[in-house]
Number of protein chains: 2
Amino acid sequence: MSKVGLLQFDPTVGDLEQNVLRLSTLATQAKEAGATVGISTELAVCGYPPRDLLMERDFVERSMAAALNMSAPLPVLIGTPIPAEDDRTLPTNGVVRSGPDATSITNDEHGRIVAEKQLLPTYDVFDEARYFAAKNRSGLARSFGGFTLGVTVCEDAWQSAGMTPSSYAQDPIEHIAEWTRQGVDIHATVNLSASPFHTEKFTTRLAVARHAAAVLNHPFLLANQVGGNDDLLFDGRSLVVWPDGRAVVAPSWQEGVLIVDLNDASACTWVGSHADDALCIGSATLMVLEPGDDGSSFVDTIEELTNAVVTGLADYCRKSSIGSIVLGLSGGIDSAVAACVAAEALGPENVTGLAMPSRHSSQHSIDDALHTAQALGMHHHLHPIDGMHTSVETTLANVLANGHPVAGENLQARLRAILVMGYANANGSMAVTTGNKSEIAQGYCTLYGDMAGGYAPLGDVYKMEVYAMAERFNQRASSQGKTEPVSVSTMTKPPSAELAPDQTDQDTLPPYERLDTILRAHIEGGQNADDLVALGHDANTVMDVLTRLERNEHKRWQMPPAPRVSPRAFGQGWRRPLASNHDWRRVS
Amino acid sequence: MSKVGLLQFDPTVGDLEQNVLRLSTLATQAKEAGATVGISTELAVCGYPPRDLLMERDFVERSMAAALNMSAPLPVLIGTPIPAEDDRTLPTNGVVRSGPDATSITNDEHGRIVAEKQLLPTYDVFDEARYFAAKNRSGLARSFGGFTLGVTVCEDAWQSAGMTPSSYAQDPIEHIAEWTRQGVDIHATVNLSASPFHTEKFTTRLAVARHAAAVLNHPFLLANQVGGNDDLLFDGRSLVVWPDGRAVVAPSWQEGVLIVDLNDASACTWVGSHADDALCIGSATLMVLEPGDDGSSFVDTIEELTNAVVTGLADYCRKSSIGSIVLGLSGGIDSAVAACVAAEALGPENVTGLAMPSRHSSQHSIDDALHTAQALGMHHHLHPIDGMHTSVETTLANVLANGHPVAGENLQARLRAILVMGYANANGSMAVTTGNKSEIAQGYCTLYGDMAGGYAPLGDVYKMEVYAMAERFNQRASSQGKTEPVSVSTMTKPPSAELAPDQTDQDTLPPYERLDTILRAHIEGGQNADDLVALGHDANTVMDVLTRLERNEHKRWQMPPAPRVSPRAFGQGWRRPLASNHDWRRVS
């Protein structure tokens, strides 16, 4: 039996021409490494998620044509939207045969469709019922490079393992298993995926794959998208699982091909993409897992998180043709780590940091900001804002004297945003906002101030994780003989917005260890106030945290994209009747 | 035969207690006006759209209990989410019996469910497949205050008329028609709706209702939600249609009860809500339509649009407990009309306008701004920004000297945002942004500048419609013997951002008459560049407009809610691969 190449692909949503070119190159690499067939990711030809592009019939037709006509040196199954028969029907999320044997099988385009997605996830980040019609015929590719393969698309495999939030009426894995029981000789089942990343998602996905292989009683192969598109991150980690639970897993955050020998786990190999600008972050080690090993000892959570955040920003910039970044450097932990992320994603020569002290900023803040900028080798400028601050305060003297004190604090953050955006607009750079998930969830930030920016690299990273990422960046620098970018002072001083004299975050918020625990249990775990108090948290603290959270939850709607690194229990994050974005500001 | 009361209700999403109280009051008014049964709107108990609140099982259960236990002096059909049997199933969008006879029919809660929505719209502003399970049993309420009623929920009635973007597999209207053909004696079919407004939506909704009544061969009654929730507006206009096409239609933008005599169109009456804070905008005239009359001679499009925009802001503020508004007054048409809207929605004593001239502002701008503020009787302050502007320019001198000129222009808009937000934060007011749909679609606005604000009253209103609204506000003032708020100068001078010497909008954009035509055909009509050129538009102009539109389309994601007043062909407005929000700025 010959080998299967799983094309772990990093598409750009909407860029059909480039996507097909790059897929074709990956397919060529697969053949060179001994594969006789290739399997792409879900909707590889147009990238996932294509969203409203799918509402243009012309786009769907061009995707299908690009998939059918792709030049490849071996037979490939390609994910593509498939046009509907008429204007009153939605397209489907399908898989077609392409490459050398495709037209020899049939010249009928419809005959080259081997599968159409049956289970359409419509929860959390997924909206597929909006764009696709569901089919109820399971997929099979016969006479495909010598194989007969069961063919499924992403969610199709998840119902069997009970790993979806609500049940579907059908189970594609069970359909294929039934065919094998009826005597159809299926060598393996493949799954074309665009399965997004969050911390610990890999463990779940592996469990789903093992369940499928066990039910099918033949190997289950999953080709997963890799890289970032807007706020979605895909970790790759394409895999093969045998019915006994043995598994081989591709690296994360790298484009390439997992060459699978269906009969020999030890003969599986990884081939990194040859493309010059291919995503390639972290190590290229294959994970070989014995039955029962969930891989957790292979996956360093902070390393994975750090690479995820860097991938998100790097891919966002590459795919949007953004060549340089500007950000405020306060001397605090968030902006220091955001600078590390930007420097690793784009190179320090493409990053500019602005230190913008006000009269409330301490000298150590300026020193710490300068330390980070110099250690990373990025551009940096010092712009004290005291003159502008006084000028605005004078203009607003009457209203500030009689109003809520938060108004005066916000002025500083907004003046800094003007300077950061001035640099961004003048130089064609993107501003990034440096806030973390904990403070954003509490509204401890200023709308049109430190929230301003085209991308929020730490927007889905809790504060204590930001500290862990800082240690990781320091370790990476040390191991290369470089200066650690995050100073001891930045790591150890009490977090402060420095918008009022002697202000610290903990004047307003609980200590971040405790805050993060409560937020994580509520946002990711779905636990309400009663649950949290029963877990031993102080009732007043819980109510304060949840009240601030609800008041500010809508803010996510006006936040720039952040890569998804935490699971979200509450989908789009809409929980209150109405947006109250007029009062998004540092809480008082 | 007795009378049916259609409860045209303005709920607050999530506020179960208040919603039930207000529904109960409407039901009492219905009984006092001679109705023997009441029909609520879709999901009346929790308001539409409840979105992620539906993901909390506790919320769904409390909604259902509130609906079943509502105190009412007559039998009422109430729209409510209905809890799922288990945690692997989604709730349904249903209708239950409440009021005096409900428990005499059955004490079984499940037995009081009379309908569950069959067709779940998942396009444009609708996301129902995300939240609900679809059912396939049509609704019937027997022994209901002496009636037997077919019961449908909103979209259920639209398939029959072919008025949905894609087809559903079933047709609830046809089901009920089949029952009548089988001999079931159904007096009327009711439809509990939350059917959002856009211009000319009424004509479509009336056609759907007429189609249903003709197919059913009995009266079709539709109770529609009224008012605003976030960016959705509901116009009310509850109606009854007879099989021959005669119709009686309730007023728009008012909460109340349409009392329907099933045998006599001329005996139908309208009863306005008695609640102190009830929505009541525009005239309370019933529309009585003969067969074939589509009502267009009754509906003044600009009057309807103006009332829609006022309703959106008024309801947003009331439901969010926002008592006052602050906005920039440039002397231009947009901010003048936005001020008129705010003054009508909240009362001029709750509106503050800031004139913030820069060195590029003309004296007539300051005069025109003052005229509007004084004519409306709102608060107003003059804050020249020249000092701050010079201070920021000095700080950024190097980067501005070598960078893109748009960076310098944006400074002024962002300094104004700091002042507006300073007032808003100090006084607990909401800032509103005054941009219109035409300029927003072209990116002719500054991110974190004039785009700053918690609500965009004109965000879905094309520029030429803004002029028409200005005339309408002037007419309203004249007819009350007041000074016209929008000066002749504001109406007639060339539109200008006044961010550079002698700048006008038409230096960058086509004349607004032409721009609006192109935008409307593309955004609302779905026509692409080829279509537009074939219609006679200049090819270069079309490409410029569409290129600016695509580059800036993602901006909608960071815009505050605007009431929906135009149909949207492209749903959520996502058309390009990636957000490029880093360059949302006045185009150059």
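Before that, the ground rules. This is a predicted model, where local features need pLDDT of at least 70 and side-chain atom pairs count only at pLDDT 80 or more, while totals for chains, interfaces and linings use all residues. Residues are numbered from 1 along each chain as its sequence is written, and chains are lettered from A and ligands numbered from 1 in the order in which they are written.

Okay, chain A. We've got domain 1 at 3-296 and domain 2 at 311-583, with bounds from an automatic or database domain assignment. Their C-alpha centres sit 37 Å apart. Domain 1 of chain A puts 19 residues into the contact and domain 2 of chain A puts in 15; contact here means C-beta atoms, placed from the backbone, within 7 Å.

On to chain B, and an open sheet of four strands, ordered β19-β18-β17-β20, with parallel pairing. Strands are DSSP E runs of at least two residues, helices H or I runs of at least four, numbered from the N terminus; pairing takes at least two DSSP bridges. At the edges are β19 (379-382) and β20 (430-431) of chain B, each pairing on one side only. Between β17 (325-328) and β18 (351-355) of chain B there are four bridges, and Val326(B) faces Thr352(B) in β18(B).

What lies across β17 and β18 of chain B? Helix α8 (333-346) of chain B does, at about 170° to β17(B). Angles run from 0 to 180 degrees between N-to-C directions, with axes fitted to C-alpha atoms, for helices over the stretch in contact. Helix α12 (406-427) of chain B lies across β17, β18 and β20 of chain B, at about 165° to β17(B).

Key: Contact = placed C-beta atoms within 7 Å.
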